[in-house]
Amino acid sequence: MEKAKKEKLQKKGWKVGDVDEYLGLNPAEMAIVEMKVALAKALVAKRKACGETQVSAAILAKTSQSRYAKVEHADSSVSLELMIKMFFALGANKKELMKVLAD
């Protein structure tokens with residue numbers, strides 16, 4: 001958020017902070033959230049680059065479309081392990097995975 005906008009909101013009585021402060025997450029929990037979000041974005045990009053729909057990608061990953069959609073939205077019920085399996089099902093390799101998680 002821009003500094004000027006933040007100051008303007010604070011002057012009006014709004015409390016401005018980061019998501020980890022709002023949710024009360026510790027650094028490890030925040031890192032997991034950030035990894036899941038990055039991986040979800042990478043899954044969408046990989047799926048589209050492969051010309052797959054959520055339905056066809058779900059078939060490749062041996063799951064349902066609704067479950068696949070939850071993965072692409074980094075739903076809290078989805079594990080990092082499942083997200084990684086689905087990323088690999090789209091043809092990604094370890095190098096691509098490490099790049100996503102390192103950024």
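Analyst: Happy to. Let's begin with exposure: a residue counts as exposed when its relative accessible area is over 50%, as buried when that area is under 20%, and as partly exposed in between. Please keep in mind that this is a predicted model.

User: Where does K62 sit, and what is its phi?

Analyst: K62 belongs to the loop between α4 and α5. Its phi is near 60 degrees, which is a positive value in a residue other than glycine. A74 is another such case, with a positive phi of about 50 degrees although A74 is not a glycine. That residue lies in the loop between α5 and α6.

User: Which class does H73 fall into, buried or exposed?

Analyst: H73 has 62% relative accessibility, so it counts as exposed. It is placed in the loop between α5 and α6. S79 is also found in the loop between α5 and α6, but its relative accessibility is 37%, so S79 counts as partly exposed.

User: And how do I read distance in sequence against distance in space?

Analyst: H73 and V37 are 36 residues apart in sequence, while their C-alpha atoms are 7.7 Å apart. For S79 and K36, the sequence separation is 43 residues and the C-alpha separation is 8.4 Å. Now try A45 and W14: they are 31 residues apart along the chain, with 36 Å between their C-alpha atoms. A45 is in helix α3, and its relative accessible area of 47% makes it partly exposed.

User: Let's turn to helix pairs. What describes two packed helices?

Analyst: Two packed helices are described by the angle between their axes and the distance between those axes. Here, helix α3 (residues 27–49) and helix α6 (residues 80–89) pack at about 20 degrees, and their axes are 10 Å apart. Angles under 35 degrees count as roughly parallel, so α3 is roughly parallel to α6. Their crossing is left-handed.

User: Which residues of α3 and α6 meet?

Analyst: On the α3 side they are I32, M35, K36, L39, A40, A42, L43 and K46, and on the α6 side L80, M83, I84, M86 and F87. By class, the residues of this contact are 11 nonpolar, no polar and 2 charged.

User: How do α6 and α7 pack?

Analyst: The angle is about 130 degrees, with the axes 10 Å apart. α6 and α7 are therefore oblique to each other, and α6 passes α7 in a right-handed crossing. I84, F87 and F88 of α6 make the contact with K94, E96, L97 and V100 of α7. The contact of α6 with α7 has 5 nonpolar, no polar and 2 charged residues.

User: What about α3 and α7: at what angle do their axes cross?

Analyst: They cross at roughly 130 degrees, and the axes come within 9 Å. That makes α3 oblique to α7. The crossing of this pair is right-handed. From α3, M35, A38, L39, A42 and K46 meet E96, L97, V100 and L101 in α7. Sorted by class, the contact of α3 with α7 has 7 nonpolar, no polar and 2 charged residues.

User: Now for the core. How many residues are in the largest nonpolar core, and which have the most contacts inside it?

Analyst: To read a core, start with its members: they are buried nonpolar residues joined through side-chain atoms. In this model the largest nonpolar core has 16 residues, and those with the most contacts inside it are L39, L43, Y68, V71, M83 and F87. The elements that give two or more residues to this core are α3, α4 (54–60), α5 (65–72), α6 and α7 (94–102). The largest share, 4 residues, comes from α3.

User: Which residues does M83 touch, leaving out those up to four places away in sequence?

Analyst: M83 touches K36, L39, A40, L43, V71, A74 and V78.

Notes. Residues numbered from 1 in each chain as written. Predicted model: local features only at pLDDT ≥ 70, side-chain atom pairs only at ≥ 80, totals over all residues. Heavy atoms only, no water. Axes fitted to C-alpha atoms, helices over the stretch in contact; angles between N-to-C directions. Parallel < 35°, antiparallel > 145°, perpendicular 65-115°, else oblique. Left-handed = near helix turned anticlockwise from the far one by under 90°. Contact = heavy atoms within 4.5 Å. Nonpolar A, V, L, I, M, F, W, Y, C, P; charged D, E, K, R; others polar. Core = buried A, V, L, I, M, F, W, Y, C linked by side-chain atoms within 4.5 Å. Buried < 20%, exposed > 50% of the residue type's maximum accessible area, 1.4 Å probe, protein only.
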